[in-house]
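Me: I have a structure open and would like to go through it with you bit by bit. Can we start with the terms and then move on to the details?

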2 protein chains.
Amino acid sequence: MTHAVRHDAMRAGNLAVVLGALDRRGPLTRAALAEATGLSKTTVSKLVGDLIEAGMAVERGTVGDGERGRPGMAVGLSGHRVAALGLEINVDYLAGCVVDLSRTVRLLRTQATGNRSGAPAEVIGRLRTLAETLLAEAAGLGLSVAGCIVALPGPVDQATGNIHRAPNLGWRDVEVPGLLELPLPVLADNEANLAALGELWFGSGAALGDFLHVSGEIGIGAGLVVEGALFRGAHGYAGELGHVVVSPDGPQCRCGATGCLERYAGQDALLTPEENMTGLVARLHAGDATALAACEKAGTALGVALSSAVNLFDPDTIVLGGIFAPLFPWVSGPAEATLHRRLGQMRARVPAVVVSQVGADGASLGAAGQVIQRIIADPGAFLLAPQR
Amino acid sequence: MTHAVRHDAMRAGNLAVVLGALDRRGPLTRAALAEATGLSKTTVSKLVGDLIEAGMAVERGTVGDGERGRPGMAVGLSGHRVAALGLEINVDYLAGCVVDLSRTVRLLRTQATGNRSGAPAEVIGRLRTLAETLLAEAAGLGLSVAGCIVALPGPVDQATGNIHRAPNLGWRDVEVPGLLELPLPVLADNEANLAALGELWFGSGAALGDFLHVSGEIGIGAGLVVEGALFRGAHGYAGELGHVVVSPDGPQCRCGATGCLERYAGQDALLTPEENMTGLVARLHAGDATALAACEKAGTALGVALSSAVNLFDPDTIVLGGIFAPLFPWVSGPAEATLHRRLGQMRARVPAVVVSQVGADGASLGAAGQVIQRIIADPGAFLLAPQR
């Protein structure tokens, strides 16, 4: 390793330490930053200068300097320049958002569109148009979008962005990032994982403790957040709640198995043909007996699958997102009753079931938030690269 | 904090750093230890001296000193003085073992005894007798037993050692450590958690990747090991595979729910009245149709519950321990077939199903290993305490 390379690696590491401290602790003086990071004041001043120049940090007025009481100029994360693009392909909609470095949501779009059995090139073409619109609007706001993550409804290989199988889209082995052809780094991840992170960063977050976040529309997924981090499993395929067994002799599922949760509580089990979620919610409000019975059945099945998940994961809280957010008033009761019936005697405490604060936007918000997380973990890769 | 207290805290921390390096990396020279830990050679020499004096480390002859090639005296963990006691109460047996600091199993005893519906005081009395025998034998070997963990068949509160409910023992809210009245620190933990750690430290270990270890006899539990550490859940109650749903309308379980795995694959579903595991295995070898059909049914139910667990946890490997170790030739086939049927289309790779290398001894070995783990993580607490 040459001296220059070693110096760049050290500088990149120190930039991450300083930016991480500003992210976790909020605005700090340079003196407080030096104390928090163990770096010298001279080094901190130089790094802060670099971050300010890159538009990643900003001076935010005078504050007291902790114990000593001497006032100083506080430095905080800046949301004015660096941003991230989050996208989502789901069966009935496309979604996109732009989130800045301070995790403020700057742009948010949802587009209803039937993607079921749509050819990958066609669906990805529509997503590209949405992304290009968002990138143009972000540029108009003075934002430089550093990267993008696409949320997909199925298991995704983290390394390649390949979605092995998305039965509800009818896709097999589609490498979405490459096909998207956007002029910035693009990765892909499972929508349920990203929706859980969306809830962590843009929803109820830390108040939930360790939580299992349920999402999805036709498919059902879940993401487990343990001590503020996503539990991914050995291959990134953890949390596939939609294929947990409700009844092994139940109806055939698109995944190849039978009696999966998805067949009892996915959107297809709830909506009449041609109906959308708004129509179903209207029927529920009007007291339609068929709709009420379908939600009762879905909520009970959800409770059965969640009781298995609680037996295995033992979370503090269960968060219902995706379609279960608008349906919360009708599905949460039977789900909670089933959880208490199945778990109440064995456990001192059955997890609370609460509604997601981010709902259908969770996955695209989580996707953008994950890009921000990566930038904060390695600002050097962004800051030391040639600027576009 | 006084100077003396601060000094003791620093010394305790440094002792843990040195002992941890010897545990992870095997015997090292003092020079290599200084390089590995970042401590000065003088400090390392002093700490090594303390560890040798306490019988926790030992000089092991001359070795080359890494890059430099200078030979030096290597220091390694010593198994000659410090040891741990592991105990297990299960429904049909009591078990106990003594493991030394170098994780060598020094004593191992299993005692067949019917504990079902046994009064806690009576069962714990028998366990005390077993423990006292092991402690006396350990003393005869020159071992000083630093602590004990008891494995229990049900969810255990880590802080108090209280077992909230052990339906197969008929116990509620029994604080086993206090009732055991042994002259050393005693904690308790769930047998399935400890059996998974037993497999990690005394069985196939790291070769398994992230693994789900299934254990139990009448009850069925599981422990998930992720990156070499146990996944405990928010309250330490994760891995309750025995109460994962196989069929929600199935038979009533002792836990209060219906159709739990335990009712299909627990020992009570397999043995005829008065039969033990040896008898069942003899019938299986003899080709008894009833026994073969029961194992086929149990293996399939196990596959159903494990498919839910794989959907949620995504492990590399599934290890069958407890009663499923002797039954492996008869249950693993149907379990694997069910896993492939339910998971094969969605996942690029279905986890391998392998047999435990520790079997019924796993939980007591894991319990002793966990005590050793605690000593290595905080040797100061042991070393700085007044010696018995």
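Reply: Before anything else, strands here are DSSP runs of at least two residues and helices are runs of at least four, both numbered from the N terminus. Please also keep in mind that this is a predicted model.

Me: OK, with that in hand, where is Glu227(B)?
Reply: Glu227(B) lies in the loop of chain B that runs between strand S12 (220–226) and strand S13 (229–231). Although Glu227(B) is not a glycine, its phi is positive, at about 50 degrees.

Me: Why would a positive phi be worth a remark?
Reply: Most residues other than glycine have a negative phi.

Me: And is Glu227(B) buried or exposed?
Reply: Glu227(B) counts as exposed, because its relative accessibility is 74% and the cut-off for exposed is over 50%.

Me: What about Asp314(A), what is its phi?
Reply: The phi of Asp314(A) is near 55 degrees, which is again a positive value in a residue other than glycine. Asp314(A) sits in the loop of chain A between helix H10 (289–313) and strand S14 (317–320). With a relative accessibility of 2%, Asp314(A) counts as buried, since buried means under 20%.

Me: Switching to the whole chain, how many helices and strands does chain A have?
Reply: The count for chain A is 13 helices and 15 strands. Its radius of gyration is 23 Å, close to the 21 Å that the globule rule gives for 388 residues, so chain A is as compact as a globular protein of that length. Along the principal axes, the C-alpha atoms of chain A fill a box of roughly 70 × 50 × 45 Å.

Me: How much of chain A is buried?
Reply: Of the 388 residues in chain A, 60% are buried. The accessible surface of the chain comes to about 14800 Å², and carbon and sulfur atoms account for 54% of that area.

Technical notes
Residues numbered from 1 in each chain as written. Chains lettered and ligands numbered in written order. Predicted model: local features only at pLDDT ≥ 70, side-chain atom pairs only at ≥ 80, totals over all residues. Heavy atoms only, no water. Rg over C-alpha atoms; globule rule 2.2 N^0.38 Å. Buried < 20%, exposed > 50% of the residue type's maximum accessible area, 1.4 Å probe, protein only. Areas by Shrake-Rupley, 256 points an atom, 1.4 Å probe, with all protein chains shown as cover.
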